[in-house]
Amino acid sequence: MSNIDPSSLPERKRGSGVKMVYDLLRDEILDLKLAPGSPIDEVQLAERFKMSRTPIREALVRLVGDGLIETLPNRSTMVSNIDFLNLSTFFDALVLMYRVTTRLAAQNHRLEDLPSIRRFHEEYSAAIDARDTLAMIATNAAFHAAIAEAGRNPYFTGLFRRLLDEGRRILRLYYQSYDEHFPQQFVDEHAEIIAAIEARDVEKADRLGKIHAEQIVAQVQKLFSRNGKLDIAL
């Protein structure tokens with residue numbers, strides 16, 4: 001119903017349309033289905049989603065705010081490139097959040113937190129066995145978000161969720177670098193983290209969180225050649 005003026009729609013219906021477009025495009029960008037540098041065309045999106053350009057534009061404004069798309073001087077829009085030159089600050093924050101959330105989970109978790117953490121661990125293991133990269137990224141994020149929730153600091157949880165979300169494109173490349181030969185090490189490290197949390201061993205949980213995060217950083221850094229470009233193709 002692309003000929004309907006969105007301003008005449010009930011606010012709830014219009015808002016749900018914006019959210020649907022935003023959620024779908026966001027997932028496609030973060031999962032690299034829309035590659036960095038890809039053009040974004042409002043007319044094509046309006047045709048695709050069968051709606052007017054106004055809710056499309058509102059969704060794109062939200063994606064600009066997320067840093068996932070950018071408006072060029074000629075007013076065209078494109079999927080933002082990954083800022084590989086400034087990844088060090090992202091990695092610093094990521095490693096810190098792996099450490100602090102794992103540490104706090106060991107200190108503050110309740111017994112009812114453990115089943116969901118274990119469930120996401122099992123789902124991650126199944127995704128590794130199935131060589132399902134997107135499922136690995138999703139279940140890994142869910143696993144660490146559940147650990148953050150068990151730490152009972154909503155500020156840390158919110159920041160960590162944001163970092164895991166923003167890192168989805170990096171993690172897509174990270175898993176791709178293993179050429180589908182994913183080491184059992186990932187699953188084993190998650191199991192060790194769960195054991196440390198369950199034992200309330202705060203220092204060990206902190207140490208394991210640090211090791212786990214730093215091996216991710218090290219693997220991503222291997223993706224760069226000496227001239228600073230990616231060794232693998234998008």
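Reply: For sorting residues by class, Ala, Val, Leu, Ile, Met, Phe, Trp, Tyr, Cys and Pro count as nonpolar, Asp, Glu, Lys and Arg as charged, and the others, Gly among them, as polar. The model is predicted.

Me: How do the residues of the lining of the largest pocket divide by class?
Reply: The largest pocket holds about 330 Å³ of space. Its lining comprises 14 residues, with I82, D83, F90, E166 and R169 closest to the centre. By class the lining divides into six nonpolar, four polar and four charged.

Me: Which helix gives the most to the lining of the second largest pocket?
Reply: The second largest pocket has a volume of about 240 Å³, and 13 residues line that pocket. With five residues, the one that gives the most is helix 3.

Me: How many charged residues are in the lining of the second largest pocket?
Reply: Nearest the centre of this pocket lie E42, R57, L60, R75 and T77. Glu and Arg count as charged, Leu as nonpolar. Over the whole lining there are five nonpolar and three polar residues, and the number of charged ones is five.

Me: What is the nearest side chain of opposite charge to E189?
Reply: E189 sits in helix 9 (residues 185–198). Beyond its neighbours within four places in sequence, E189 contacts H212 and Q215. A salt bridge requires a distance within 4 Å. E189 is buried and has no salt bridge; at 12 Å, the nearest side chain of opposite charge is R207.

How values were computed: Residues numbered from 1 in each chain as written. Predicted model: local features only at pLDDT ≥ 70, side-chain atom pairs only at ≥ 80, totals over all residues. Heavy atoms only, no water. Helix = DSSP H or I, 4+ residues; strand = E, 2+ residues; numbered from the N terminus. Buried < 20%, exposed > 50% of the residue type's maximum accessible area, 1.4 Å probe, protein only. Lys, Arg positive; Asp, Glu negative; His and termini not counted. Contact = heavy atoms within 4.5 Å. 1 Å grid on protein atoms, 1.4 Å probe; cavity = no way out; pocket = protein on both sides within 12 Å on 5 of 7 lines; lining within 4 Å. Points joined across faces, edges and corners; volume = space filled by probe spheres on them.
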